Each structure stands twice: as structure tokens, then as C-alpha cells.
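Take a moment to look over the sequence and the fold. Then follow the helices one by one.

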Amino acid sequence: MQSIADTTGSAAAAGQRDALVAGFAALAIAIHILEAAFPSPLPGVKPGLANVVTVVVFLRWGWRMAAAVAVLRVLVGSLLVGSFLSPTFLMSAAGGVAALAALGLVALLPGRPVGALGASVLAALAHMGTQLMVAYVLFIPHSALFGLVPPLLTASLIFGTVSGMIAATVVDILATEADSS
Amino acid sequence: MKRFSIGDLAVLALGASLVGASYAAFWGDRTEGTQAAVFVGREQVAALDLSVPSAHEILGRIGLSQLRVEGGRVRFIDSPCPGRICVHSGWLARTGEVAACLPNGVVVEVLGGERVFDAVNR
């Protein structure tokens with residue numbers, strides 16, 4: 001995969017990379033905040049459309065840039081929503097780190113067998129699974145929490161699939177644009 | 001460029017089976033109950049052994065509720081309430097299952113076995 005992160009030799013490339021990271025982080029934060037404004041049918045369930053941005057950046061520009069975008073999104077997003085260093089922030093950060101770890105695993109697979117859909121589903125499941133574990137260890141160490149595991153995992157599987165399809169479409173469009181330019 | 005690869009579908013299948021397994025692990029282990037407790041208001045008025053077939057009449061606030069025990073299960077047969085929601089609840093066999101006739105104040109709860117929660121409950 002052609003990666004801008006690999007071409008850190010020139011200052012111009014680095015500047016371009018930073019601009020891309022900032023732009024994509026801003027986009028992800030906007031989506032994040034829009035999502036936070038909508039009421040959720042189930043507590044703790046959000047579509048996680050901001051992860052589309054992370055997955056697209058990951059597939060096109062590599063893991064390091066995706067990590068930069070995701071970390072910026074969690075930090076700045078929580079500052080804007082007002083949940084910085086709160087339990088919500090801890091859950092969000094832990095989920096984000098787990099999703100990035102899942103994407104890192106995808107990147108390590110030889111031959112790149114997994115595309116946008118698989119990467120997004122893996123990231124979503126890792127995100128939700130880790131959040132549940134953090135919730136159990138830090139906040140609600142009660143077996144009743146396990147009853148929530150199946151529906152929440154179902155939701156993250158569905159939303160991961162949907163955002164994976166969106167990400168696949170975006171990656172496709174980006175690829176054709178890059179080819180024609 | 002092909003939009004979805006075999007690897008994508010494999011991940012999707014893996015994820016789906018993981019979710020399925022989580023249902024089996026966390027929702028599937030409700031055990032068969034061995035007893036049923038009958039309450040009128042807050043007071044327990046009877047403890048029914050589900051292994052012995054029997055019929056019971058429970059005097060509630062507005063009349064007699066009829067219960068039947070059969071094949072390790074218990075249910076409302078009749079109750080003097082307008083909606084008969086308790087009767088429509090059908091057979092109860094698993095630990096923690098409850099049927100209630102609210103107008104008559106009669107509640108039946110299956111006990112014994114291991115109690116498993118299906119939602120946050122505290």
C-alpha cells in the first residue's frame with residue numbers, strides 16, 4: 001500500500017501529512033459531536049460513524065495516520081462534549097485504543113486479506129468488547145452486566161458492518177479519483 | 001477494485017459466530033426451576049413443588065386465581081381479572097420467570113436452580 005507516512009523524508013510531505021491528519025480528525029470530531037446530539041435507542045449504543053473516517057484513513061494512509069486521527073478525535077471530541085477525563089472519556093479512550101489494536105492486527109496479516117468491511121467489523125467488536133470489560137472492572141463489577149453483552153455486541157456487529165460498507169465505498173471513490181487525477 | 005474480499009466475509013462470519021456464542025454464554029444458561037413461590041401482595045402464601053402435578057386455588061384481593069403445576073411447569077389457568085394477562089403468560093419453567101395477576105395481587109415466581117439475570121438489575 002502506498003503510504004504517505006512512509007515518505008517522511010521531506011518536510012513538505014510531513015506538512016501535507018499533518019494537514020491530512022488535522023483535516024480528517026476535524027471531520028471525525030464533527031461526526032462524533034453530531035452523533036452525540038442524537039438520542040440513542042439503547043444506552044451505550046451509538047452508530048460510531050466517526051470510525052468510518054478512522055478506517056478510511058487506515059486503509060489509504062496506513063495505521064500510524066489512523067492512530068493519530070483517532071487519538072485526536074477522542075481527546076478533542078471529549079473536550080468539546082465536556083467529558084474529558086470522566087468515566088465516559090475512559091470508556092471512549094479504551095474503546096478507541098482497542099479498535100486501533102484491531103486495525104493493527106489487520107495491517108499485520110500477510111497479503112492484506114481483510115478490507116474495509118472486515119477492518120470496520122473487527123474494530124467495532126474490539127471497541128465494544130473492551131468498553132464492556134472496562135465498565136465491568138471499573139464501574140459495575142456485577143454479573144448483571146454480562147446480560148448486556150449479547151445485545152451490545154449485536155449492535156456493534158450491525159453498526160460495524162454498516163460503517164464498513166460506507167468506508168468501502170469511500171475508499172473506492174478515493175481510489176478512482178486518485179487514478180483519474 | 002473489488003469492494004468486499006473473502007477475508008471481509010470471513011471476518012463477518014467470525015464476528016457473527018462470536019455474537020451468537022455470547023448469546024449462548026450469557027443468555028442461554030437459565031436453568032429449570034424446581035419450585036414456585038406464590039405471593040399475594042407481598043406475602044408468600046404458598047410454595048409449590050414443580051415435580052408433582054397439582055392444582056391450586058389462591059384467594060387474592062378480588063377472587064380466586066387458579067394455578068396448575070404439571071411437568072415441572074406452573075401456570076395461571078384462570079383469574080378474576082379483566083385482561084387475563086397472567087393466563088396469557090402461559091407456562092413458567094425457568095428460574096426467575098414470573099407471572100402476575102396485578103388486579104388480584106397474585107404473583108407466581110419460579111425458584112430453585114441457578115438464578116441468571118437478563119438485564120442490569122440492582
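Contact here means heavy atoms within 4.5 Å. Keep in mind that this is a predicted model.

Start with helix 2 and helix 6 of chain A. In helix 2 of chain A, the residues A:V52, A:V55, A:V56, A:L59, A:R60 and A:W61 touch helix 6 of chain A. Their partners in helix 6 of chain A are A:S163, A:I166, A:A167, A:V170, A:V171, A:L174, A:A175 and A:A178. By class, this contact has 12 nonpolar residues, one polar and one charged.

How do packed helices get described? For helix 2 and helix 6 (residues 149–180) of chain A, the angle is about 40 degrees and the axes lie 9 Å apart. That angle makes helix 2 of chain A oblique to helix 6 of chain A. Their crossing is right-handed.

Helix 2 of chain A also packs against helix 5 of chain A. Helix 2 covers residues 50–61 and helix 5 covers residues 116–139. Here the angle is about 130 degrees, with the axes 10 Å apart. Helix 2 of chain A and helix 5 of chain A are therefore oblique to each other. This crossing is right-handed. A:V55, A:F58 and A:L59 of helix 2 of chain A make the contact with A:A116, A:A119 and A:S120 of helix 5 of chain A. By class, that gives five nonpolar residues, one polar and no charged ones.

Now move to helix 4 of chain A, residues 87–108. Its 22 residues reach 32 Å from first C-alpha to last, close to the 32 Å expected at 1.5 Å a residue. Which residues of helix 4 of chain A are buried? Among them are A:F89, A:S92, A:A94, A:L100, A:L103 and A:V106. Glycines are on the list too, including A:G95, A:G96 and A:G104. The buried residues of helix 4 of chain A pack against helix 2, helix 3 (63–81) and helix 5 of chain A.

Finish in the loops on either side. A:L85 sits in the loop between helix 3 and helix 4 of chain A. A:L85 is not a glycine, yet its phi is positive, about 65 degrees. Is A:L85 buried or exposed? Its relative accessibility is 63%, so A:L85 counts as exposed. A:R112 lies in the loop between helix 4 and helix 5 of chain A. The phi of A:R112 is also positive, near 50 degrees, in a residue other than glycine. At 35% relative accessibility, A:R112 counts as partly exposed.

How values were computed. Residues numbered from 1 in each chain as written. Chains lettered and ligands numbered in written order. Predicted model: local features only at pLDDT ≥ 70, side-chain atom pairs only at ≥ 80, totals over all residues. Heavy atoms only, no water. Axes fitted to C-alpha atoms, helices over the stretch in contact; angles between N-to-C directions. Helix = DSSP H or I, 4+ residues; strand = E, 2+ residues; numbered from the N terminus. Parallel < 35°, antiparallel > 145°, perpendicular 65-115°, else oblique. Left-handed = near helix turned anticlockwise from the far one by under 90°. Nonpolar A, V, L, I, M, F, W, Y, C, P; charged D, E, K, R; others polar. Expected span 1.5 Å × (residues − 1). Buried < 20%, exposed > 50% of the residue type's maximum accessible area, 1.4 Å probe, protein only.
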